[in-house]
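Please read it with the structure open.

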Amino acid sequence: ISLLETNGTDVVYRGTKGTWTDADGNIIPNIFLIPQVDGQADFSFTYTTDTGLCTDVAQLDFTIFEPFDAGIGTAYELCEDGSIFNLFDLLTGPKDTNGSWSGPQGYAAPSYLGEFDPAVQVSGDDVYTVPANGSCPETKASMVITVSPLPNAGGDFGTTVCRSDKQLNLYDLLPNGVDTDGEFLVQGSSIPLPGGILDLDAVSGSSVQIEYLIDRDDSCTTDDALITVNIIDVTAPSPIATQKFCVLDGATLADIQVGSSVNWYQSATSGDILPMDTRLESGLYFMAGTDNQGCESVRVEVLVQILKLGEISSCILDLQDGVSPNGDGINDDFDLGGWELIFPNFQLTVFNRNGLKVYEGTRGTPFFNGVSTVAGKHDLPAGVYFYVFKPNDGINSPFQSTFYLSK
């Protein structure tokens, strides 16, 4: 009755005097149970009201459409080397075969089966759509497909390194084109090396085998490669006794005789090699033996002692005892004989016999040549003069002596 329309202002009669009949004249109930149909089905019923005096008839025709079902989608993972399959086979629940597939990158399959080739198709949502049917809307089911790429760990290879390199970043060894999302394990161990760093000092032998393993925990199989790391050890130089030099020697690293090829360092851990012309100071230096491949041994400490002026009889600053500025090229000035290079912060002060300062020089100033540089330049008379030499190196004390200025 709910499907009937009123004619005019009267309402449709509902009561015992109304009767529904089908096309064959069979009386049927007003409550109509919608049946399952294939595609669609047409129905025709007659509604008759009879009060005994008046009779009225209404014809009701309607169509029932089958709602097409797309099934239920799910998620599915496979490797890119997997077999070709039909997407339709993965749908569950009731599903009709009059639909079509669409997917990422323009993928389309007019057939309900939806052939999927993992070597060609890509990851994404593949949608199965069945069409609308009459007043029944279209329906969709989505398959979330994940195509995992095959891992590529590359082939087995070997490398040679110096133990003195301390650490080896194994990722830096991987050839071009190899996947870099794997892990490195010392063969026989299940614990990955953090960051792919191999501690060479922790390797007991002259070689170690490292497994490079790619296991993404996906539908693809794992892949691995074996890396053989050969480690070069260099024999450390023999320890040597304390090296003693007079401060006047101006000794450098080149003056230490070790009898083998070594690199020198300021400390046991510093990374910069000291040049051989490095001026020595009292303290520890470290030498490491080297080979023709640039590998180094462990470092051996060497104690250097720079003797102060006067500490031994041979460590005395011997300055000239006379100045004769006559232009003959001999003792024309108070030449320090290169000591200004050993004591770059030196100060030389000259006094006359009355104790008055007549000259003061530092590195870069002209040597004393019989001319006063204090209180105006003027020639000084012949006679004995006193001088004070201050090394100003924080180690050696000042000393004084005399010289004769001849005219």
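1. First, a term. A residue is called buried when its relative accessible area is under 20%, exposed when that area is over 50%, and partly exposed in between. By that scale both Cys246 and Cys315 are buried. Keep in mind throughout that this is a predicted model.

2. How many disulfides are there? The count comes to three. A disulfide is a covalent bond between the sulfur atoms of two cysteines. With the bonded cysteines numbered in sequence order, the pairing reads 1-3, 2-5, 4-6. The next three points take the links one by one.

3. Cys79 and Cys220 are bonded, with their sulfur atoms 2.0 Å apart. This link of Cys79 and Cys220 is right-handed, with 100 degrees about the S-S bond. It connects distant parts of the chain, 141 residues apart. Cys79 belongs to strand E5 (residues 75-79). Cys220 sits in the loop between strand E16 (207-214) and strand E17 (223-232). Are these two cysteines buried or exposed? Cys79 has a relative accessible area of 5%, so it is buried. Cys220 has 8%, so it is buried too.

4. Cys162 is joined to Cys295 by a disulfide, S to S 1.9 Å. Why is this disulfide left-handed? Because the torsion about the S-S bond of Cys162 and Cys295 is about -70 degrees. Here again the pair links distant parts of the chain, 133 residues apart. Cys162 is in strand E12 (residues 157-162). Cys295 is in the loop between strand E20 (283-290) and strand E21 (296-307). Cys162 is buried, and Cys295 is buried as well.

5. The disulfide of Cys246 and Cys315 has an S to S distance of 2.0 Å. The link of Cys246 and Cys315 is right-handed, with 80 degrees about the S-S bond. The two cysteines are 69 residues apart, in distant parts of the chain. Cys246 lies in strand E18 (residues 243-246). Cys315 lies in the loop between E21 and strand E22 (322-323).

6. Two further cysteines deserve a look for their accessibility. Cys54 counts as exposed because its relative accessibility is 54%, and the cut-off for exposed is over 50%. Cys136 has a relative accessible area of 14%, so it is buried.

7. Now strand E10 (residues 124-130). It is mostly covered, with five of its seven residues buried. Which strands pair with E10? Strand E7 (residues 100-102) pairs with E10 in the antiparallel sense over three bridges. Within that pairing, Ser100 has Thr129 of E10 as its bridge partner. Strand E11 (residues 139-148) also pairs with E10 in the antiparallel sense, over seven bridges. There, Tyr128 has Ala141 of E11 as its bridge partner.

8. Next, the aromatic rings. A search of the whole structure finds 26 aromatic pairs. One of them is Phe346 with Phe389: the ring centres are 5.7 Å apart and the planes stand at 10 degrees, so the pair is stacked. The pair links distant parts of the chain, 43 residues apart. Phe346 is in the loop between helix H1 (339-342) and strand E23 (347-351), and Phe389 is in strand E27 (residues 383-390). Both Phe346 and Phe389 are buried.

9. Tyr387 and Phe403 form an aromatic pair that is tilted, at 6.3 Å centre to centre with 35 degrees between the planes. Tyr387 lies in strand E27 and Phe403 in strand E28, so the pair ties together parts that are 16 residues apart in sequence. Tyr387 and Phe403 are both buried. One aromatic cluster includes Phe346, Phe389, Tyr387 and Phe403, and among its other members are Phe334, Tyr359 and Phe368.

10. Last, the surface. Which residues make the nonpolar surface patch? Val384, Phe386 and Tyr404 make it, with an area of about 270 Å². Tyr404 is placed in strand E28 (residues 399-405). Tyr404 has a relative accessible area of 42%, so it is partly exposed.

Notes
Residues numbered from 1 in each chain as written. Predicted model: local features only at pLDDT ≥ 70, side-chain atom pairs only at ≥ 80, totals over all residues. Heavy atoms only, no water. Patch = residues over 30% accessible without salt bridge, like charges linked within 9 Å, V, L, I, M, F, W, Y side chains within 5 Å. Areas by Shrake-Rupley, 256 points an atom, 1.4 Å probe, with all protein chains shown as cover. Salt bridge = Lys/Arg side-chain N within 4 Å of Asp/Glu carboxyl O. Helix = DSSP H or I, 4+ residues; strand = E, 2+ residues; numbered from the N terminus. Buried < 20%, exposed > 50% of the residue type's maximum accessible area, 1.4 Å probe, protein only. Disulfide = S-S within 2.5 Å. Pairing = 2+ DSSP bridges. Phe/Tyr/Trp six-rings, centres within 6.5 Å; stacked < 30°, edge-to-face > 60°.
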